[in-house]
Amino acid sequence: MPDVCRPCPTTFHALMFLAFMVLFPAVSFGQESASTMPANAHAKSYSSGWECDKNYREAEGQCKAVIAPSNAYLTGKTYDEGWDCRRGYLKTAGACVAITVPKNAFLGSSGGRWECNRGYLTVKDTCVAVKVPANGYLADSSYGTGWACNRGFRAIEDACVAVKVPENGYFVDGSYGVGWECERGYHAVGDACVAVDVPDNGYFVGAASNSAWKCERGFYAVDNACLAVILPENAHLDYSGNDWECDRPYRKKRDACL
């Protein structure tokens with residue numbers, strides 16, 4: 001007698017197919033996506049669906065070719081316009097406009113802008129020759145005046161003026177200040193360098209004022225002198241060395257430690 005409970009091969013295969021479609025519905029979706037893929041497109045590598053080929057852009061479910069204007073080339077990029085201008089042209093309002101290089105200028109290495117030749121400065125859309133004053137030289141700079149002064153001179157408006165260094169002073173090359181500083185042991189008073197009067201038990205610190213000295217440890221400054229610090233009982237010199245403080249657990253009260 002035949003086993004009526006066991007399904008026949010045809011029924012078994014049909015049941016397996018239905019079960020597969022229930023468990024893996026994405027297979028049918030992938031087939032549907034592939035069937036609706038437009039021209040100039042390809043399936044995505046790491047997900048379902050499709051994307052346009054290089055130099056094509058999606059528009060209304062289709063892949064339309066990126067059209068570059070005159071004097072441009074396709075970049076293959078998936079962002080921005082997908083094209084860029086050739087050297088010597090500038091992207092302007094969806095077109096590539098030729099860059100006009102003025103006289104005494106050259107097209108920069110990037111190809112998207114021009115620069116003035118050495119000895120010229122950019123003034124609006126032209127290159128103007130640099131006028132170097134006496135005692136000056138042509139600077140390697142495309143901004144500012146385009147010139148600098150020789151050592152010993154300073155730029156004042158459109159001229160290079162000699163710096164008058166006083167006795168016991170030396171020239172300082174800078175765009176600010178008076179252009180000179182005093183030698184060690186001297187300080188500036190007006191247009192002169194005056195010797196610093198260091199009192200006994202003091203030492204020179206190089207400050208740019210008449211207080212260019214400090215007292216040695218154990219002494220404190222009073223006017224132009226260094227007086228000895230007198231320690232009361234149960235006291236010691238503080239961190240500066242020019243004053244005192246009480247030992248623990250004493251507290252300072254006037255000139256004593258109580």
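Let me start with a contact I like: the charged end of lysine 91 sits over the ring of tryptophan 83, 4.8 Å from the ring centre. Keep in mind that this is a predicted model, so every distance I quote comes from predicted coordinates.

Staying with lysine 91, what else does this side chain do? It forms a salt bridge with glutamate 81, and the closest N and O atoms are 3.3 Å apart. Lysine 91 is in strand β7, residues 89-92, while glutamate 81 is in the loop between β5 (72-74) and β6 (83-85), so the bridge ties together parts that are 10 residues apart in sequence. How accessible are the two partners? Lysine 91 is partly exposed, with a relative accessible area of 33%, and glutamate 81 is partly exposed too, at 37%.

Lysine 252 lies over the face of tryptophan 244, at 4.0 Å from the ring centre. If you were hoping for aromatic pairs, though, the count comes to 0.

Okay, let me step back to the whole chain for a minute. We have 258 residues, and buried ones make up 21% of them. The secondary structure comes to 2 helices and 28 strands. If you take contacts between residues at least 6 apart in sequence, 12% of them join residues at least 24 apart.

How confident is the predictor? The mean pLDDT of the chain is 84, and 84% of the residues reach 70 or more. Where pLDDT is low, the predicted coordinates should not be read in detail.

How many turn up in the whole structure? The search finds 3. Another joins the side chains of arginine 113 and glutamate 115, at 3.4 Å from N to O. Arginine 113 counts as partly exposed at 47% relative accessibility, and glutamate 115 is partly exposed at 33%.

Then there's aspartate 140 with arginine 118, where the closest N and O atoms are 2.2 Å apart. That pair links distant parts of the chain, 22 residues apart: aspartate 140 is in the loop between β13 and β14 (147-149), and arginine 118 is in the loop between β10 (114-116) and β11 (120-123). Are these two buried or exposed? Both aspartate 140 and arginine 118 are exposed.

Now for a charge without a partner. Arginine 154 is in strand β15, residues 153-156. It's buried yet has no salt bridge, and the nearest side chain of opposite charge is aspartate 173, 7.0 Å away. The cut-off for a salt bridge is 4 Å, so aspartate 173 doesn't qualify as a partner for arginine 154 at 7.0 Å. What does arginine 154 touch instead? Leaving aside neighbours within four places in sequence, its contacts include Cys149, Cys160, Val161, Tyr176 and Val178.

Last topic: the backbone. Most residues other than glycine have a negative phi, and most peptide bonds are trans. Here are some exceptions to look up.

Asparagine 135 has a positive phi of about 65° although it isn't a glycine. You'll find asparagine 135 in the loop between β12 (126-129) and β13 (136-138), partly exposed with a relative accessible area of 36%. Aspartate 223 also has a positive phi, near 55°. That aspartate is in the loop between β23 (219-222) and β24 (225-228), and at 71% relative accessible area aspartate 223 is exposed.

And where is the cis peptide bond? It joins arginine 248 and proline 249, with omega about 5°. Proline 249 is in the loop between β26 (244-246) and β27 (252-253).

One more pair from that end of the chain. Glutamate 233 is in the loop between β24 and β25 (235-237) and counts as exposed at 66% relative accessibility. Glutamate 233 and cysteine 246 are 13 residues apart in sequence, and their C-alpha atoms are 8.5 Å apart in space.

How values were computed. Residues numbered from 1 in each chain as written. Predicted model: local features only at pLDDT ≥ 70, side-chain atom pairs only at ≥ 80, totals over all residues. Heavy atoms only, no water. Phe/Tyr/Trp six-rings, centres within 6.5 Å; stacked < 30°, edge-to-face > 60°. Lys NZ or Arg CZ within 6 Å of the ring centre and 35° of its normal. pLDDT = per-residue confidence, 0-100. Helix = DSSP H or I, 4+ residues; strand = E, 2+ residues; numbered from the N terminus. Buried < 20%, exposed > 50% of the residue type's maximum accessible area, 1.4 Å probe, protein only. Lys, Arg positive; Asp, Glu negative; His and termini not counted. Contact = heavy atoms within 4.5 Å.
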